[in-house]
Amino acid sequence: MATTHKNNSLAGPEGSDVMMVRPFKIRRMIKETDDTFSLELGPRDGTRGFSFEPGQFNMLNVFGIGEVPISISGDPTKTDELLHTTRAVGTVTKAMKKLKVGDTIGIRGPYGKSWPVREVEGYDVVVVAGGIGLAPLRPVIYYLLANREKYGKIVLLYGTRTPEEILFRKDLEKWRARFDLETFMTVDRATGDWRGNVGVVTTLIGRAPFDHLNSAAMICGPEIMMRFTVLELQKRGLVDDKIFVSMERNMKCGVGLCGHCQLGASFVCKDGPVYRYDQIRGIFTKREL
Amino acid sequence: MENLERVLAEHPFLKGLEARHIELLAGCTSNVVFKPGEFIFREGEDADKFYLIRHGKVVVETFVPQKGPLLIRTRTKDDVFGWSWMIPPYKWHFDARAMELTRGLALDGKCLRGKCEEDHDLGYELMKRFATLIAERLEATRLQLMDIYGDHS
Ligand SMILES: Cc1cc2nc3c(=O)[nH]c(=O)nc-3n(C[C@H](O)[C@H](O)[C@H](O)COP(=O)(O)OP(=O)(O)OC[C@H]3O[C@@H](n4cnc5c(N)ncnc54)[C@H](O)[C@@H]3O)c2cc1C
Ligand code: FES
């Protein structure tokens, strides 16, 4: 399987400057959990639509505060709707959480390499998400379901900290009701009234229904979770060139110019964030990178 | 009995055991059914069994004063739970409760301890399987303790 997943074109809409910030209006704000929210955005500059590949990200600019990379979490087949799901952790993301419907936010992008949704046609696809990692993977699920006949089994394994922190509940309910998508969820901890699974996400892998000889896996979550997930997938017989992970590093330019996001010999913003595991295996487990 | 032996032989946890060992295990095995909410064992009680789940879901939990039960790990179809039967002082360290109607097999630990002493091959086969299980639980517990989705992640 070659890694030909799409890179950003380094050109904005209609060939405009790749670094150009476009103003977007917040059309809707969705509270996902206590600290995580989704923004539905529409362009203010008269341009229409926003195309992206699953796994790509935008630089979101909260004017006067700063800019952060956030993955696109919406449906890639719907170009009239741009969605971002953000966990408020620090200066910019907390300021973003305070914005209101009608406010303006700056957008640069889409940037980065996408999940290899076309290359894995014909395979079983195992999607493993941990915590906020479901946001960059949701477009993958939308895409796979929109092209369902092109894939074998599709398995979603999702783990999060507590039942209260489960993202995209409506989607998960719909997905669990489908016969052509196997969805398994677990939480790390819960109290008395929870009826679902308890245990870390890696515990779902041993039993997940996929053919290891003919499967590809896409993983997104904290790096520790991804490391242990890779180990479990390897135990199931998946080979490294069929495993894809999404890496995070601090970013500034987002387009491979400043070097802020260097990971080994690569720049996460341009060569990632999605990497084929065998291509970063060496640095994936290395300390202090 | 023949049916019980077949069910034991087909359970993933016991797969590969010799027929004579399956026969020995069958002599210590009974069918069990637990209603939703029913406790299978409670912390501090004698650990004289382990369980193979054939259908349903069980949660291993601990009771935290003023907070209620803290759910630690769920077990479902084809899982095994309970290994305190093989480690002195043979007491349960947690509670186990059926979350839904659960059917399975209970293997009598006292009976098995005797058989393992008599037949070390059987003891070794069981020990290998439980060692793998315990190692998997330990790794999962470490990950849980790391709180990987916490604020620092
Ligand atoms: C390619 C890419 C895609 C991303 N996609 C998303 C996404 O879809 N949704 C999303 O919520 N985030 C996403 N992130 C992470 C997001 O960019 C950071 O959380 C954000 O930059 C933090 O900026 P801040 O100013 O709010 O926090 P800062 O003020 O820079 O940091 C404040 C505190 O938050 C901690 N922190 C920083 N980053 C994280 C993090 N990622 N997780 C937990 N704690 C953190 C820091 O250690 C620090 O203690 C992505 C990152 C990359 C590189
Ligand atoms: S953020 Fe500047 S090179 Fe990647």
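The model is predicted: local features need pLDDT of at least 70, side-chain atom pairs count only at pLDDT 80 or more, and totals for chains, interfaces and linings use all residues. Residues are numbered from 1 along each chain as its sequence is written, chains are lettered from A and ligands numbered from 1 in the order in which they are written, and side-chain values use heavy atoms, without hydrogens and water.

**Select chain B.** It has four helices and eight strands; these are DSSP runs, helices being H or I with at least four residues and strands E with at least two, numbered from the N terminus. From that end the order is α-α-β-β-β-β-β-β-β-β-α-α. Along its principal axes, the C-alpha trace of chain B spans about 55 × 30 × 30 Å.

**Colour chain B by burial.** Buried residues (under 20% relative accessible area, 1.4 Å probe, protein chains only) make up 46% of the 153 residues.

**Select the strands β1, β8, β3 and β6.** In that order they form an open sheet with antiparallel pairing; two strands pair if DSSP finds at least two bridges between them. Strands of a sheet pair through backbone hydrogen bonds, either parallel or antiparallel. Which strands lie at the edges? They are β1 (29-34) and β6 (80-81) of chain B, each pairing on one side only.

**Select residues 102-108 of chain B.** This is strand β8, joined to β1(B) by six bridges, and the two run antiparallel.

**Select B:Val33.** Its bridge partner in β8(B) is B:Arg103.

Conventions. Buried means under 20% relative accessible area, exposed over 50%, partly exposed in between (1.4 Å probe, protein chains only).
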